[in-house]
Amino acid sequence: MEASVNQTAEQRARDRIDAMLVAAGWAVQSLKTLNPVATRGVAVREYPTDTGPMDYLLMVDGEPAGVLEAKREEEGHRISSVEEQSARYAQAALKHLGVRPLRFVYESTGVITRFTDLHDPQPRAREVFSFHRPETLAEWLAQGASQRARFADLPVLQPDGLRECQFRAIGNLEASLKENRPRALIQMATGAGKTFTAITAIYRLLRHGGARRVLFLVDTRNLGEQAEGEFHQYVPQDDNRKFTELYTVQRLRSPHVPKDGQVCISTIQRLYSILKGEPLEEGAEDSPPAGLKRREPLPVVYNPAIPPEFFDVIVIDECHRSIYNLWRQVIEYFDSFLVGLTATPDKRTYAFFKENVVSEYPLEQSVVDGVNVDHLIWRIDTELSRKGGRIEARETVERRERLSRRKRWEQLDEPFEYEAARLDRSVVNPSQIRTVIRAFRDALPQMFPERRIDEEGGRQEVPKTLIFAKTDSHADDIIHTVREEFGTGNAFCKKVTFRTEEDPQSVLNSFRNDYNPRVAVTVDMIATGTDVKPIECLLFMRDVKSRNYYMQMVGRGTRSLDADGLKLVNRSATGPKTHFVLVDAVGVTESEKMDTGSLERKPSEPMKNLMQAVAMGVRDEATLSTLAARLSRFAKRLSREEQTRVRELTGGADLNQLASQLLGVDDPDAIEAQARECFDVAPGLNVEPAQFEQIRAERAKAAAAPITGALNTFLEQIRERQEQVVDHVNLDTLTGSDWEQDAEARRAALVEDFRDWLQAHRDEFTALTIFYSQPHRRRELTQRMIRELLEALKADKPALAPAQVWEAYARLDAVQVSRPESELALLIALVRRASGWDERLTPYKSTVERNFQRWVLRKHQGNAPKFSEDQMNWLRMIRDHIAASFHFTPDDLDYTPFDAQGGRGRMWQLFGEEMDAVIDEMNDEMAA
């Protein structure tokens, strides 16, 4: 419906509300033309009551059932204040009908809609996507008690057949439902039985809580198939029949959503396509969905075939991946209780579920309880894995196409150097792969000394091993090498990824249940969420920067298995699975991890700064990606007039198109194709790095061209006028109610290694000699001495990088101090701590400031002359210099910041003949 320019804000809101009502199956009528039985649901405008006319009376099957109060859009921020008015109308005497208490209460601006069921135990308004359908309200009226009231009457859970963590999680979830808390998070370590827990809860809600339909939401087809299998195997506590004999469980494979089933299993990708009425792309369910697609899809709109009230409860598996960006709108479309399942929540997960964590069961506790098994780390290092390599000029090298594997040979005109990070991506070194696989093979007798020789193969039986590869091409190289080094056939080692020609599910089932394959190589398919209990080795041949993803990958090995189950696929196994071995061939256990899952690569940078940077020529991937995410979100806030103005400022593009262009800049396939065309690169030849970078720069320049100061100013004006900041990052925390678990053994080992290295080199470096043997010389400590020590440490022991050792000491000492930015400042604080000068980890700046305060107080004691304010200002500058550079000399007076204050001459004026003595004394005292 096109709004008239002469309409008031109230009229525009009424038009939107009318359209929403019609979409939801209501007939909108005036009192003059009222026909309450014209259709099942009738919304009557301006119905009179003894307290004034209500905006809409909702009638179901000819009987009054609810009230709807309409407000203009600008009132959205205070719509809660309308609840009192709505409640008054719900109890008012209706013209011609008298007092007819109305159960269902809505307040809406046409943009925000809130709903209250007055039959709930504690009636509380909640935001809904749209109005409920008349047939839904009729069903609720016939039931009498509300869904929330029925959940409040769930019988007491019995612990039979449940682990303690499962019993606690279900009990807490049901308590949360009884309190009408709309979202709940179950955090449970991989292998502890999250799916079993969820199915038990679902069964109780269907059997005892009167739930009509439950959605079990996953983000890959593989997880959906696995969940479907678990529903088919589940037998409840109070019935000998299987779940699927009692209730209908249907996994969605087509656009049709059956209404006669009690449990639906669906990927979030399929559900989104169903809501949009669009076909699902081939392969879209094979891997977890990206946080934001290159073409920003349109928002979810009302779908009468699946109205928001279609499901009573939605259980979201691997919810740490499924609640962000465009996928969040799929979940928030439904008027349902949301229950999240994950082993690895991050702070955004906690924020989405409103910090209502009904279960916290970490991996460490599951190991202690015997639910999961712990792991040992076996490290494989190679020269190339650490440092990369160099090929000299005139050497003949092989060039291989990544996909077709077509080869050609060429002689290098100049040396070719590559760092370790390029291995198995742009550079393949068969010897590096072979060295790692051979080392793994030869170490197996030490990893599993109890396993006997395999009579068929003549070697020790290889435990079920999962290898994580970087790419499909890398996986193929690994598979060929494994088969050669172990002297086996094709059945011994197979690839399990979404792109394999062999049915991946069939290979996965064989890996789980059959003797062969012994080794599976994967890129992504079984990194998360897939249950393969017999795995006893994880071999990392790729690094992982995401902490959550890494922990999910580690979780593939944590699942416990009894002796009979292990022996089925490991002939030489003599008992249950007691542990697994994590084989680290790339330093994955040492590399710094971060939380990921969003395009927000620069989350703390304001959008106006990002736009200004891009307008000024900044073109790095992180900036463009972050700005694309911000623009796509901001686009949802613009009015029609504002959208028109944006297109005028950009030359035709809206913000979604602009975001898509920015995100498309770094599409490697598109860049390569464009470079081949632009530079006429023959088939079989590689695009040169310089050509690649030139095309990338051109694409970035074109995508960023519409980003101007005028556009930035306009969007900032809108933001200041419309937006508030909702802080989902800084979560409030309870302090002093619990204690931290003992520091992990590797932190203690890292600290011990650092101490040992310092002790071993104490006579080689002047700085260490001073700390350990000659503390009277501490005033001589200089920045050059510390830098020399730092360079030697990093060259000899990269794993003892000061930042990592600082983190270990901070956790062991249970201190919360900001980490210094300077590595030199980090190192001197660590050396002081390791050598015993400081009892707890203390930033060197804090040490100097403390010593300075103590020194000044001592100088001011008694009748001794006090420093003047001018002298104190000068002393503070010297203090700050020592904190940054460790030592102060008279020559430093000729440089910043002292020269600007008068340098040597000014200090002589202030301190006279005491100047040198003051400098010497401060060097002594500050380093104490």
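Buried means under 20% relative accessible area, exposed means over 50%, and partly exposed lies in between, with a 1.4 Å probe and protein chains only. The model is predicted: local features need pLDDT of at least 70, side-chain atom pairs count only at pLDDT 80 or more, and totals for chains, interfaces and linings use all residues. Residues are numbered from 1 along each chain as its sequence is written, and side-chain values use heavy atoms, with hydrogens and water left out.

Start with the backbone. Most residues other than glycine have a negative phi, and most peptide bonds are trans. Asp-680 is not a glycine, yet its phi is positive, about 55°. Asp-680 belongs to the loop between α24 (668–679) and α25 (689–704); helices (H or I, at least four residues) and strands (E, at least two) are DSSP runs, numbered from the N terminus. With 68% relative accessibility, Asp-680 counts as exposed. His-96, also not a glycine, has a positive phi of about 75°. The loop that holds His-96 runs between β5 (93–94) and β6 (98–99), and His-96 counts as exposed because its relative accessibility is 67%.

Which peptide bond is cis, with omega near 5°? The bond from Asn-516 to Pro-517 is. Pro-517 is in the loop between α17 (504–513) and β24 (519–522).

Two helices come next. Helix α9 (residues 268–276) is mostly covered, with nine of its nine residues buried. The buried residues of α9 include Arg-270 and Lys-276, as well as Ile-268, Leu-271, Ile-274 and Leu-275. Gly-277 follows α9 and has a positive phi, near 70°. Helix α15 (residues 430–447) contains Ala-439. Ala-439 has a relative accessible area of 29%, so this residue is partly exposed. In sequence Ala-439 and Arg-379 are 60 residues apart, while their C-alpha atoms are 10.0 Å apart in space.

How many aromatic pairs does the structure hold? There are 29 of these pairs. Rings of Phe, Tyr and Trp (its six-membered ring) pair if their centres lie within 6.5 Å; planes under 30 degrees apart count as stacked, over 60 as edge-to-face and the rest as tilted. For Phe-352 and Phe-353 the ring centres are 5.0 Å apart and the planes stand at 80°, so this pair is edge-to-face. Phe-352 counts as buried because its relative accessibility is 2%, and Phe-353 is buried with a relative accessible area of 0%. The pair of Phe-486 and Phe-492 is tilted, with 5.4 Å from centre to centre and 35° between the planes. Phe-486 and Phe-492 are buried. One aromatic cluster is formed by Phe-196, Tyr-203, Phe-216, Phe-231, Tyr-234, Phe-243 and Tyr-247.

Rings also take part in contacts with charged groups. A charge sits over a ring if NZ of Lys or CZ of Arg is within 6 Å of the ring centre and within 35 degrees of the ring normal. The charged end of Arg-213 sits over the ring of Phe-310, at 4.0 Å from its centre. The charged end of Arg-879 sits over the ring of Phe-852, where the distance to the centre is 5.1 Å.

On a 1 Å grid over the protein atoms alone, a cavity is a set of points where a 1.4 Å probe fits but cannot get out, and lining residues have an atom within 4 Å of a point. Grid points are joined across faces, edges and corners, and a volume is the space filled by probe spheres set on the points. Searching the whole structure gives three cavities of 30 Å³ or more, and the largest cavity has a volume of about 170 Å³. Its lining consists of 15 residues, and those nearest the centre are Arg-126, Trp-140, Gln-147, Arg-148 and Asp-312. At least two lining residues come from each of β8 (113–117), α3 (134–143) and α4 (147–151). The largest share, three residues, is supplied by α4.

Finally, the cysteines. The structure holds zero disulfides, a disulfide being a pair of cysteine sulfur atoms within 2.5 Å. Cys-493 counts as buried because its relative accessibility is 0%, whereas Cys-678 counts as partly exposed at 48%.

How values were computed
On a 1 Å grid over the protein atoms alone, a cavity is a set of points where a 1.4 Å probe fits but cannot get out, and a pocket is an open set with protein on both sides within 12 Å along at least five of seven lines; lining residues have an atom within 4 Å of a point.
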